[in-house]
Structures are given as structure tokens and as C-alpha cells.
Number of protein chains: 2
Amino acid sequence: MAPIPVDRDALGMQRAFEEADAGAKEGGIPIGSALVQHDDSGDHLIASGRNLRIQKGSATLHGEICCLETAGRLKADVYRKCTIYTTLSPCIMCTGAILLYKIPRVVIGENVNFVGGEELLKKNGVEVVVLDDSRCKELMAKFIKEKPEEWNEDIGDE
Amino acid sequence: MAPIPVDRDALGMQRAFEEADAGAKEGGIPIGSALVQHDDSGDHLIASGRNLRIQKGSATLHGEICCLETAGRLKADVYRKCTIYTTLSPCIMCTGAILLYKIPRVVIGENVNFVGGEELLKKNGVEVVVLDDSRCKELMAKFIKEKPEEWNEDIGDE
């Protein structure tokens, strides 16, 4: 895949952030994601999604999983032309989903509030970009402070 | 967690196999899973699930993910008393889900047709038991032979 300029990443992260923000307004865990395909004609949003633990009583619909689920059934070659955007460093489940589908590029809003499987992604040849986005950081920090129990449940901590 | 006798594992695997078999009869990818909690009063089935790629057009409902989703929201300490049963060696996404929730024990029907993240599980202290179950092997081998494209899609291969 040809290098993707960082300014184009702003659009993907904007969509992921809008999902996170919508989640916050629903009383959910504010993490969002977007899957964008790159080809010669430009960038195409395939799907976006957000953490739905609270809204749907879900144990697996993290932002990235929700995004991939919303995207539906895709052939392997589609994933390989994509960047997945996520407002927060992906947990090990979402890391595994990215590796399963061999998505070559992950753009992360922030990894201050949580660090997931970034090293495992890199070790497997995935390009990892961290934008250190202040909106993402503030939204997540506020949630963790206000609802530590829901956050711990989401990452399997006691 | 105290050691679990292998004969008790037969019950968990039976449930996982029934899910896989039901999936096959629906025209789905025949992989099933069950989550069983162990405590002083015995073994308790929390949930079971099966791969729903074909049935629901799902990219993320692998057997184990479906099982965890069906189980719903659980506190961290529940997962830590569980075994997850799966008819086939768990892919890297399902491996990640097991690691996220720190499920300490994974019992696998077979790893002849596919080997997933077993080494990563072991490296993280998860007990991995492979039963080498002939029913699981036969069901999966038949599916892969008959529908190689659906199988490749499920594991992100071309």
C-alpha cells in the first residue's frame, strides 16, 4: 500500500471521533472506529462503529469490532487496502481482529489512557500511527474518571 | 483455579460440538464454542455460540466471539473461573478475546485443520488442552473441502 499522508488521516479520525462522541452522548463507553479503503480513486469509508457495551449489553462490540461487524462480509483483498482508525489504542481482542484480517495500517487517536496491542501489531508488520489527539484523550479521561467500573469491565480488569 | 479433570471437559466440548453441528445444518461454518464456569458447586454453562458468518453476514461472530457475546456483560472475576471450549483452534481475534478477559483455560476440539493463537495463549499463561476430537476434525475437514472460499474469507485468507 502506498504511504497515506497524515492530513488524510484527519478525516478518518474525525469519523472515529464522531462515533466516540455519539457513544458518550448515549451514556456509552466513548470509543469509536472507522474503516477506510484506499485506492487510486481516493479514500472510501467502508464503515464506522462504536463501543456498544452499555447500549447493547455487549461483551464484544468494542469500537473496532463494531466497525468491522458493520462493514460486513468482505474479501481478504479489501481489508488489505484499508486503514482502521480508532480513538483509543486497540485492546488485545481488537488487535487480534486487525491481525486476522491483515489490515496493514492502524491509526490511533491516543494511547495515554490505555495501551493495547500496539507492539504485537508492529511485530506483525502493521503500520501503527498515534495521532495524540487531544479530543480523544479528554473524552476518554473524563469517562474513566466518571465510570471506572464500566471501564474496568470493558478491559477485563477487576 | 483447581485442575479440571478431562472427563468433565467432555461435557463442555459436547456443547461446543452441538453448536458446530447446528451451524453445519444451517449451511454455516461449523465451529462452536461454550463458556463454562467452575466453582465449588460444580460446572455451570454460562453460554454457548457458533460461527454466524453465513447466517448473519457477520465478520466478527466467530464461534468464541458469539459465545462471549451471548454470555453478555460479565465482571472480570467470572471469566477467571471459566474454561472456554471451542471445536477448532482459536484464530488470533478469538485468542485476543480470551486474553482480554483473562480466561485461564482453553479446551480445543482439534488443531489439525487450522492452528490459531495457541502459542500466544500459552505465552500469556493460559492453559491450552487439545482433545484431538475426531467428530470436530471430520466436520471441519468436510466443510473446508466443500466451501474453501467461505473458509478463506473467515480466516482472512485469499
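Which residues in α3(B) are buried? In this predicted model, Gly63(B), Glu64(B), Ile65(B), Cys66(B), Cys67(B), Leu68(B) and Ala71(B) are buried, where buried means under 20% relative accessible area, exposed over 50%, and partly exposed in between (1.4 Å probe, protein chains only). Residues are numbered from 1 along each chain as its sequence is written, while chains are lettered from A and ligands numbered from 1 in the order in which they are written. Local features need pLDDT of at least 70, side-chain atom pairs count only at pLDDT 80 or more, totals for chains, interfaces and linings use all residues, and side-chain values use heavy atoms, with hydrogens and water left out.

Helices (H or I, at least four residues) and strands (E, at least two) are DSSP runs, numbered from the N terminus. The buried residues of α3(B) pack against β1, β2, α4, β3 and α5 of chain B and also against α5 of chain A. Just after α3(B), Gly72(B) takes a positive phi of about 80°.

The discussion now turns to the two chains together. The contact (heavy atoms within 4.5 Å) takes 38 residues from chain A and 38 residues from chain B. Chain A and chain B bury about 3100 Å² between them, 55% of it on carbon and sulfur atoms; this buried area is the accessible area (1.4 Å probe) that two parts lose on being put together, summed over both. In chain A, Arg73(A), Leu100(A) and Glu153(A) lose the most area to chain B, together 22% of what that side buries.

Side chains of opposite charge can pair when their charged atoms come close. A salt bridge is a side-chain nitrogen of Lys or Arg within 4 Å of a carboxyl oxygen of Asp or Glu. Between chain A and chain B there are 8 salt bridges, and one salt bridge joins the side chains of Lys102(A) and Asp157(B) (3.2 Å, N to O).

Salt bridges also occur within a chain. The side chains of Asp9(A) and Arg105(A) meet in one (2.8 Å, N to O). Asp9(A) lies in helix α1 and Arg105(A) in strand β4 of chain A, so the pair ties together parts that are 96 residues apart in sequence. Both Asp9(A) and Arg105(A) are buried. In chain B, the side chains of Arg105(B) and Asp9(B) likewise form a salt bridge (2.8 Å, N to O), and both residues are buried.
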